Amino acid sequence: MGDGWQKSTFSGPEQSNDCVEFAAIGDLITLRESDTPATVVRAAPGALRALIRTLKVGAGRG
């Protein structure tokens, strides 16, 4: 991942393709799944923060 992508600390073991990678590109945070690197999600930091907060709250329901 020498191109600026970093593996999430919540991803699977080092050799596993079970991981989410992220990079800061300009003013955006960019996310991708390691086994489908062509599919990329881009978000402003505030919007991504709001999404993560919402998902965490919803994770307690169910």
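**A pocket, a sheet and a salt bridge**

The largest pocket in this predicted model has 12 lining residues, and Ser8, Val20, Leu31, Leu48 and Ile52 are the ones nearest its centre.

Student: Which elements give two or more residues to the lining of the largest pocket?
Tutor: Both strands and a helix take part. The helix is H1, residues 45-59. The elements are E2, E3 and H1.

Student: How many bridges join E2 to E3?
Tutor: These two strands run antiparallel. One of the pairs is isoleucine 25 with leucine 28 in E3. The number of bridges is 6.

Student: Which residue takes a positive phi in the hairpin of E2 and E3?
Tutor: The hairpin has 2 residues between its strands. The phi in question is near 65°. The residue is glycine 26.

Student: What is the bridge partner of lysine 7 in E2?
Tutor: E1 and E2 pair in the antiparallel sense, over 2 bridges. Lysine 7 has its partner in E2. That partner is glutamate 21.

Student: Which residue forms a salt bridge with glutamate 21?
Tutor: The structure holds 1 salt bridge. Its closest N and O atoms are 2.6 Å apart. Glutamate 21 is in E2 and its partner in E3, so the pair ties together parts that are 11 residues apart in sequence. The partner is arginine 32.

Student: Is arginine 32 buried or exposed?
Tutor: Its relative accessibility is 14%. Buried means under 20%. Glutamate 21, at 8%, counts as buried too. Arginine 32 therefore counts as buried.

Student: What is the bridge partner of threonine 30 in E4?
Tutor: Threonine 30 is in E3, residues 28-33. E3 and E4 run antiparallel and are joined by 5 bridges. They form a hairpin with 2 residues between them. The partner in E4 is arginine 42.

Student: Is threonine 30 buried or exposed?
Tutor: Beyond four places in sequence, threonine 30 touches residues including Trp5, Phe22, Ala23 and Val40. Its relative accessibility is 1%. Buried means under 20%. So threonine 30 counts as buried.

Student: Why does valine 41 count as partly exposed?
Tutor: Valine 41 lies in E4, residues 36-43. Exposed means over 50%, buried under 20%, and partly exposed is in between. Valine 41 counts as partly exposed because its relative accessibility is 48%.

Student: Which residues is valine 41 in contact with, leaving aside neighbours within four places in sequence?
Tutor: Look across to E3, residues 28-33, where threonine 30 is found. The contacts of valine 41 are Ile29, Thr30 and Leu31.

Student: How far apart in space are valine 41 and leucine 28?
Tutor: In sequence they are 13 residues apart. In space the distance runs C-alpha to C-alpha. The value is 9.8 Å.

Terms used. Residues are numbered from 1 along each chain as its sequence is written. This is a predicted model: local features need pLDDT of at least 70, side-chain atom pairs count only at pLDDT 80 or more; totals for chains, interfaces and linings use all residues. Side-chain values use heavy atoms; hydrogens and water are left out. Helices (H or I, at least four residues) and strands (E, at least two) are DSSP runs, numbered from the N terminus. Buried means under 20% relative accessible area, exposed over 50%, partly exposed in between (1.4 Å probe, protein chains only). Contact means heavy atoms within 4.5 Å. A salt bridge is a side-chain nitrogen of Lys or Arg within 4 Å of a carboxyl oxygen of Asp or Glu. Two strands pair if DSSP finds at least two bridges between them. On a 1 Å grid over the protein atoms alone, a cavity is a set of points where a 1.4 Å probe fits but cannot get out, and a pocket is an open set with protein on both sides within 12 Å along at least five of seven lines; lining residues have an atom within 4 Å of a point.
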